[in-house]
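Here is a short briefing on one protein chain, arranged by topic. Keep the sequence and the structure in view while reading.

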Amino acid sequence: MRIVSGKYKGKRLTAPKKLPVRPTTDMAKEALFNILNNRFYFDGLNVLDLFAGTGNISYEFASRGTEKITAVDAHQGCVKYISKTSQELGFPISTIKSDVYRFLQGTPEKFDLIFADPPYAFDTEQFLKIADLVFEKQLLLAEGVLVIEHSEQTDLSGHPKFSEQRKYGGSIFSFFEVD
């Protein structure tokens, strides 16, 4: 895994093999951040990274100057790896070990951008539950965006807050927005 842009552009990070993760590919990540770069100034964002895994997406935001990042994952090894790496690089990433759905139910915080990369094996209802909770709990700020990464086998376009999707290799990013 490599940081694509920003202060740590080109830095390679190697996560422990035992983590149950499938990091977003560099090609897909670069394409996603090109889209986001046209919508946001990264330094002022409050970002939530759900199913954070290795922290791949969180590190990319941090390298680009985002100063408020929360990474949530249920796996203790993932949370420890993100915490350790963030500390080593001086990244402002807060880690939380929690079930993502439980976290979304209980957080009082609001975010500019929420990124979720659940296991591709989830069924469509599990993906849609993320979007439902984000909008029910009003977790996005006014111009906020929810991005869910998934495979071609999952179609999230029927959700009322769905705005668009982009495909990169085997990954699809579905975007959801506040009205």
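Predicted model: local features only at pLDDT ≥ 70, side-chain atom pairs only at ≥ 80, totals over all residues.

F122 is buried, because its relative accessible area is 19% and the cut-off for buried is under 20%.

**Aromatic rings**

- A search of the whole structure finds 11 aromatic pairs.
- One of them joins F51 and F122 edge-to-face, with 5.7 Å centre to centre and 85 degrees between the planes.
- This pair links distant parts of the chain, 71 residues apart: F51 is in the loop between β1 and α2, and F122 is in the loop between β4 and α5.
- F51 is also buried, with a relative accessible area of 17%.
- F162 and F176 form another edge-to-face pair, because their ring centres are 5.8 Å apart and their planes stand at 80 degrees.
- F162 belongs to strand β6 and F176 to strand β7, so this pair ties together parts that are 14 residues apart in sequence.
- F162 is partly exposed at a relative accessible area of 21%, whereas F176 is buried at 0%.
- F51, Y101, F122 and F127 make up one aromatic cluster.

**The sheet**

- Strands of a sheet pair through backbone hydrogen bonds, either parallel or antiparallel.
- Here 7 strands form an open sheet with mixed pairing, in the order β3-β2-β1-β4-β5-β7-β6.
- β3 (93-97) and β6 are at the edges with a single partner strand each, so one side of each has no neighbour in the sheet.
- On average, neighbouring strands of this sheet are turned by 15 degrees against each other, direction ignored.
- Strand β1 (residues 46-50) pairs with strand β2 (residues 68-73) in the parallel sense over 5 bridges, and N46 stands opposite K68 in β2.
- Helix α2 packs on the sheet and touches β1, β2, β3 and β4, with its direction at about 175 degrees to that of β2.
- Helix α3 (residues 76-89) also packs on the sheet, where α3 touches β2 and β3 and its direction makes about 165 degrees with that of β3.

**Strand β5 and its partners**

- Strand β5 (residues 140-150) is mostly covered, with 8 of its 11 residues buried.
- Which strand pairs with β5 in the parallel sense over 5 bridges? That strand is β4 (residues 111-116), where L113 stands opposite V145 in β5.
- β5 and strand β7 (residues 171-177) run antiparallel and are joined by 6 bridges; in this pairing V145 stands opposite E177 in β7.
- A right-handed β-α-β unit is made by β4, helix α5 (residues 124-136) and β5.

- Helix α5 has 13 residues, which at 1.5 Å a residue should span 18 Å; its end C-alpha atoms are 18 Å apart, so the two values agree.
- The buried residues of α5 are F127, I130, A131, L133, V134 and F135, and they pack against β1, α4 (100-106), β4, β5 and β7.
- After α5 comes Q138, which has a positive phi near 50 degrees.
- Helix α1 (residues 26-37) has 12 residues and should span 16 Å at 1.5 Å a residue, which agrees with the 16 Å between its end C-alpha atoms.
- In α1 the buried residues are A28, K29, A31, L32, F33, I35 and L36, and what covers them includes α2 (56-63), β4, β5, β6 (162-168) and β7.

Terms used:
Residues numbered from 1 in each chain as written. Heavy atoms only, no water. Buried < 20%, exposed > 50% of the residue type's maximum accessible area, 1.4 Å probe, protein only. Helix = DSSP H or I, 4+ residues; strand = E, 2+ residues; numbered from the N terminus. Pairing = 2+ DSSP bridges. Right-handed = clockwise from strand over helix to strand, strands pointing away. Expected span 1.5 Å × (residues − 1). Contact = heavy atoms within 4.5 Å. Axes fitted to C-alpha atoms, helices over the stretch in contact; angles between N-to-C directions. Phe/Tyr/Trp six-rings, centres within 6.5 Å; stacked < 30°, edge-to-face > 60°.
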